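Good morning, and thank you for coming. Please look at the sequence and the model on the screen before we go through the salt bridges, the aromatic rings and the overall fold.

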Amino acid sequence: MEPVDALREQGYNKGIPNQDLIDGNAYQLPFPDNKFDLVCEFAILHHVKDPEKVVKEMSRVASKMVAISDCNFMGQGSLVQPRRNSFSVRSLIKSDRE
């Protein structure tokens, strides 16, 4: 899923089929509950205003597992500053399943 038209077009030009690279919004995934065994994200959570909402949405469409790989080596900030939007992914997924 890619929300930016120009980036989707680059993917299509490199051979990714239209049905595999779709337009979408991570806050409102266009899939029913438990649609996928596994839902993955790679390096988007540090770009969104409400990462907790994105993880909850990922959990909604995943039937078994959510995989998160999110690191921004260029923008980690100071070690002294508290992390904004800090939350426990494990607690989010657990609370969604109860």
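Let me begin with a question: which residue forms a salt bridge with Arg8, the closest N and O atoms being 3.3 Å apart? The partner is Asp23. By salt bridge I mean a side-chain nitrogen of Lys or Arg within 4 Å of a carboxyl oxygen of Asp or Glu. Asp23 lies in the loop between α1 and β1, whereas Arg8 sits in helix α1, so this pair ties together parts that are 15 residues apart in sequence.

Two remarks on the source are in order. This is a predicted model, in which local features need pLDDT of at least 70 and side-chain atom pairs count only at pLDDT 80 or more, while totals for chains, interfaces and linings use all residues. Residues are numbered from 1 along each chain as its sequence is written, and side-chain values use heavy atoms, with hydrogens and water left out.

Helices (H or I, at least four residues) and strands (E, at least two) are DSSP runs, numbered from the N terminus. Of the 98 residues in the protein, 20% are buried. Buried here stands for under 20% relative accessible area, exposed for over 50%, and partly exposed for what lies in between, with a 1.4 Å probe and protein chains only. The accessible surface comes to about 7400 Å², and carbon and sulfur atoms hold 53% of that surface. These areas come from the Shrake-Rupley method with a 1.4 Å probe; for residues, only the protein chains shown count as cover. Turning to contacts, meaning heavy atoms within 4.5 Å, I consider those in the protein with a separation of 6 or more: residues 24 or more positions apart account for 62% of them.

I now return to the charged side chains. A search of the whole structure gives five salt bridges, and I shall describe some of them. Besides the pair we opened with, Arg8 meets Asp5 in a salt bridge, at 2.4 Å from N to O. Asp5 and Arg8 are three residues apart in helix α1, and therefore separated by about one helical turn. How do the residues around Arg8 compare in accessibility? Arg8 is buried, at 10% relative accessibility; Asp5 is exposed, at 54%; and Asp23 is partly exposed, at 47%.

A further salt bridge links Glu52 with Lys56, with 3.8 Å between the closest N and O atoms. These two residues are four positions apart in helix α2, again about one helical turn. Glu52 is partly exposed at 31% relative accessibility, and Lys56 is partly exposed at 35%. As for shared partners, salt bridges join Asp5, Arg8 and Asp23 into one network.

Let us move to the aromatic side chains. Rings of Phe, Tyr and Trp (its six-membered ring) pair if their centres lie within 6.5 Å; planes under 30 degrees apart count as stacked, over 60 as edge-to-face and the rest as tilted. The count by this rule is one aromatic pair. In that pair, the rings of Phe31 and Phe36 have centres 4.9 Å apart and planes at 80°, so the arrangement is edge-to-face. Phe31 is partly exposed, with a relative accessible area of 23%, and Phe36 is partly exposed at 30%.

Phe31 also leads us to strand β2. Ala62 is placed in strand β2, residues 62-69, and is buried at 0% relative accessibility. Although 31 residues separate Ala62 and Phe31 in sequence, their C-alpha atoms are 9.9 Å apart in space.

Finally, two backbone positions. Which loop holds Asn34? Asn34 is found between α1 (5-13) and β1 (36-42). The phi of Asn34 is near 60°, a positive value in a residue other than glycine, and Asn34 is partly exposed at 43% relative accessibility. Ala43 is likewise not a glycine and has a positive phi of about 60°. Ala43 belongs to the loop between β1 and α2 (51-61), and is partly exposed, with a relative accessible area of 33%.

Thank you for your attention.
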